[in-house]
Amino acid sequence: MAAPEKTDEHGGTYATTEAAHGGGEAGGLPQFDTSVWAGQIVYLLFLFFVLYLLISKVFAPRLRRVMDERASTISTAVATARSVQAEAAEQAAAAKAEVEQARADSRRVAAEAKARVAADAEARRQAEEAEVNAKIEAAEARIAATRDAAMANVSTIAADTASAIVERLTGKPASAAEVASAVKGAA
Amino acid sequence: MADPIEQFEVHPIPGLEFGEVTLPVLGVQQIAVTNAHVAMTIAFALVVLFLTAVTSGAKVVPGRLQSAGETLFGMIDGVTDSIIGHEGRKYFPFVFTLFTLVLGMNLLGMFLTFTATSQLAVTGTLALITILLVIGIGIAKHGLGFFLLFWPTSAPLAIRPVVGLIEFLSFLLRPVTLALRLFGNMLGGHIALKIFAGFVVSMGGLAAAGGLGLLGLPVAALSMGMVVGLTALEFLVAFLQAFVFAVLASIYLNDVVNLGHGH
């Protein structure tokens with residue numbers, strides 16, 4: 001059904017092909033008709049060669065350059081990132097050390113202040129204590145003096161009282177020496 | 001139903017026929033611009049356009065198109081690098097040319113009515129370029145030492161000639177298998193597509209006539225599903241065969257580039 005149509009369209013060519021093959025091979029694959037081979041082979045060789053030249057001289061180098069550039073860009077970026085990271089880590093370590101230092105300093109200052117305050121307090125306490133002690137001593141001394149004075153007055157009062165009692169009882173005043181000895185004896 | 005192999009016919013574009021010439025091996029040859037030439041030209045132009053678009057404004061931070069191009073580039077670069085080793089970069093342009101050209105022609109076949117890589121002349125040429133390059137590099141690099149490729153030093157001495165002969169025969173078969181693998185895949189895929197697509201039309205036509213012909217409807221629907229599935233599969237095959245071609249070319253190149261310390 002298709003064959004007659006073909007003959008109608010490209011009558012001359014088809015007839016030649018048929019003739020070259022002989023009638024018996026009419027049902028074979030058209031690919032085995034070698035009369036059209038040379039044209040295809042020569043043309044394909046030409047196209048292949050041109051494409052090979054284009055790829056080897058233009059396309060492959062271009063693409064390889066871009067890919068190499070990308071690879072170098074990426075490796076540079078990675079290296080930069082790595083160095084930045086290292087720098088950041090260094091800075092972090094430095095900051096940490098600084099913080100440690102500051103903490104130690106503040107701890108030391110705090111301890112010093114505490115010690116100073118404690119010493120001050122102690123000194124003040126001691127001073128006050130000394131003062132208080134002095135006052136107590138003074139007061140004790142005053143008390144002792146007062147007592148002594150009082151004690152001294154006691155014998156005088158006793159003597160006065162005794163002489164007054166004796167004068168009242170006897171009607172005549174007792175001598176001072178007698179009274180004094182009597183008071184002494186009672187004491 | 002349309003003839004499923006009609007799509008593989010190479011015919012001149014009307015008005016672009018320039019007669020015939022007789023060559024020694026191939027016999028009578030047409031000189032004409034055919035649909036095969038058109039398909040190859042479009043594939044070539046698309047590949048060049050794509051690579052130009054990918055590389056002309058190439059940036060360190062790639063856009064979408066550049067990413068796609070770089071993926072293909074990196075894939076083949078990985079293949080040549082891992083198979084051939086540190087000398088792989090030297091052979092990368094060749095393998096990448098093979099890959100992009102085959103991929104372009106394969107994929108174009110999914111959109112046009114003609115697939116250049118379903119032509120034995122095309123796949124055979126690509127295979128021959130590859131194998132001639134392999135032989136050329138082998139002889140240029142190692143001189144007559146190239147023939148050590150067929151001398152299996154790991155085999156016992158007694159059976160070395162036999163193994164060597166087998167190695168030699170398998171080497172001779174390499175271009176054949178290389179050409180036939182791509183050719184067969186493209187041929188088979190497109191025939192299957194055409195047959196199932198033809199079923200859709202003929203069974204649909206049967207159903208349109210009504211009556212018992214309505215039984216053709218499920219067959220047409222099933223065929224339609226097959227066409228959809230096969231189309232997806234063919235896209236995969238188009239890519240895979242281009243990749244396989246590139247990988248095999250790298251393996252064959254490696255054999256002669258690293259002759260003696262790869263075996």
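1. Start with the core. The largest nonpolar core holds 66 residues, and those touching the most other members are B:M40, B:V95, B:L98, B:F99, B:V102 and B:F245. This is a predicted model. Two or more residues come to this core from each of α3 of chain A and α1, α2, α3, α4, α5 (160-208) and α6 (216-257) of chain B. α3(B) gives the most, with 12 residues. As background, nonpolar side chains tend to be buried together in soluble globular proteins.

2. Look at α3(B) next. Of its 22 residues, 19 are buried, so the helix is largely enclosed by the rest of the structure. From first C-alpha to last, α3(B) reaches 30 Å, close to the 32 Å expected at 1.5 Å a residue.

3. Which residues does B:F99 contact, leaving aside its neighbours within four places in sequence? They are B:I76, B:A242, B:F243, B:F245 and B:A246.

4. Now chain B as a whole. Chain B has 6 helices and 2 strands. Along the sequence the order is β-β-α-α-α-α-α-α. Its C-alpha atoms fill a box of roughly 75 × 55 × 45 Å along the principal axes. Of the 263 residues in chain B, 38% are buried. Take the contacts in chain B between residues at least 6 apart in sequence: 64% of these join residues at least 24 apart.

5. Chain A is built from helices, with 4 of them and 0 strands. Its pattern reads α-α-α-α. Chain A has 187 residues, and 10% of them count as buried.

6. The contact between the chains takes 42 residues from chain B and 34 residues from chain A. On the side of chain B that touches chain A, two or more residues come from each of β1 (12-23), β2 (27-34), α1 (35-56), α2 (64-84), α3 (88-109) and α4 (120-142). The largest share, 8 residues, is from α1(B). By type, this side of chain B has 28 nonpolar, 10 polar and 4 charged residues.

7. Check confidence before reading detail in chain A. The mean pLDDT of chain A is 82, and 84% of the residues score at least 70. Where in chain A is confidence lowest, and where is it highest? Helix α1 (residues 2-9) of chain A is lowest, at a mean of 39, and helix α3 (residues 37-170) of chain A is highest, at 91. Over residues 1-26 of chain A, pLDDT is below 50. Beyond near neighbours in sequence, that stretch has 16 contacts in the model.

8. One residue of helix α3 of chain A deserves a look: A:E112. Is A:E112 buried or exposed? A:E112 has 10, so it is exposed. A:E112 and A:R124 are 12 residues apart in sequence. In space they are 18 Å apart, C-alpha to C-alpha.

Conventions. Residues numbered from 1 in each chain as written. Chains lettered and ligands numbered in written order. Predicted model: local features only at pLDDT ≥ 70, side-chain atom pairs only at ≥ 80, totals over all residues. Contact = placed C-beta atoms within 7 Å. Nonpolar A, V, L, I, M, F, W, Y, C, P; charged D, E, K, R; others polar. Buried ≥ 20, exposed ≤ 12 C-beta atoms within 10 Å, placed from the backbone. pLDDT = per-residue confidence, 0-100. Core = buried A, V, L, I, M, F, W, Y, C linked by C-beta atoms within 7 Å. Expected span 1.5 Å × (residues − 1).
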